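Subject: Structure handover

Hello,

I am passing on the structure below.

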Amino acid sequence: MLNKYARAFFTRVLTPFAAFLLRRGVSPDAVTLIGTAGVMAGALVFFPRGEFFWGTIVITLFVFSDLIDGNMARQAGLSSRWGAFLDSTLDRVADSAIFGGFALWYAGTGDNNVLCAVSIFCLASGQVVSYTKARGESIGLPVAVNGLVERAERLVISLVAAGLSGLATFGVPGVEVLLPIALWVVAAGSAVTLGQRVVTVRRESAEADAAAADQSGAEAK
């Protein structure tokens, strides 16, 4: 849901900046790589130390590269299969760094094995949710479903909660509970989304197989 509406809004907002980068000779691939490196640094440097506020600030500054690079490619007429592949692959790397950072915190100073496991589940389920759509499309299915918690929702819920939880270091009381709650919400939502996509692929594959069988029967006559 967020991916559908928020992406269109921010694409319009960031179009002038994307044009500015193109005029300066910056390539879309460079923006993709720099953005991913920034997200990884914010997640793996700050989150394992419990510095959730500053980690979220750094990640937020770089996460918009995911919108800027595609915008640049369209404006310059450079859209390509390679660019789409690189962008999608590095999205998975960035997501893994974020939830990996949470897992490292809870496995270490955060000292909570349950939340460490939930963070790892969020990491893994996010990858599988993306894989189910990619795999379904690779075998010729549309995978026409808007999941409950897709990538945009996972990032917004987890990062907003992490940033607010980080305010505890500035003396704001009670905000520490927000990140654990968010991780449980993302975990549950990802599980539901995975189920939605699996059910959709099963239905679409059955329909495609039936249509193929009908066509074969018609041709045999």
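A residue counts as buried under 20% relative accessible area, exposed over 50%, and partly exposed in between (1.4 Å probe, protein chains only). This is a predicted model, in which local features need pLDDT of at least 70 and side-chain atom pairs count only at pLDDT 80 or more, while totals for chains, interfaces and linings use all residues. Residues are numbered from 1 along each chain as its sequence is written, and side-chain values use heavy atoms, with hydrogens and water left out.

Aromatic pairs

Rings of Phe, Tyr and Trp (its six-membered ring) pair if their centres lie within 6.5 Å; planes under 30 degrees apart are stacked, over 60 edge-to-face, and the rest tilted. The whole structure holds 10 such pairs. In one of them, Phe 17 and Phe 20 have ring centres 6.3 Å apart and planes at 20°, so this pair is stacked. These two residues lie three apart in helix 1, about one helical turn; helices are DSSP runs (H or I, at least four residues), numbered from the N terminus. Phe 17 is partly exposed at 40% relative accessible area, and Phe 20 is partly exposed at 32%. Trp 82 and Phe 85 form a tilted pair, with 5.9 Å between centres and 35° between planes. Phe 47, Phe 52, Phe 99, Phe 102 and Trp 105 make up one aromatic cluster.

A buried residue

Asn 71 belongs to helix 4 and is buried, at 4% relative accessibility. Leaving aside residues up to four places away in sequence, Asn 71 touches Thr 11, Leu 14, Thr 15 and Ala 18 (contact means heavy atoms within 4.5 Å).

Regards
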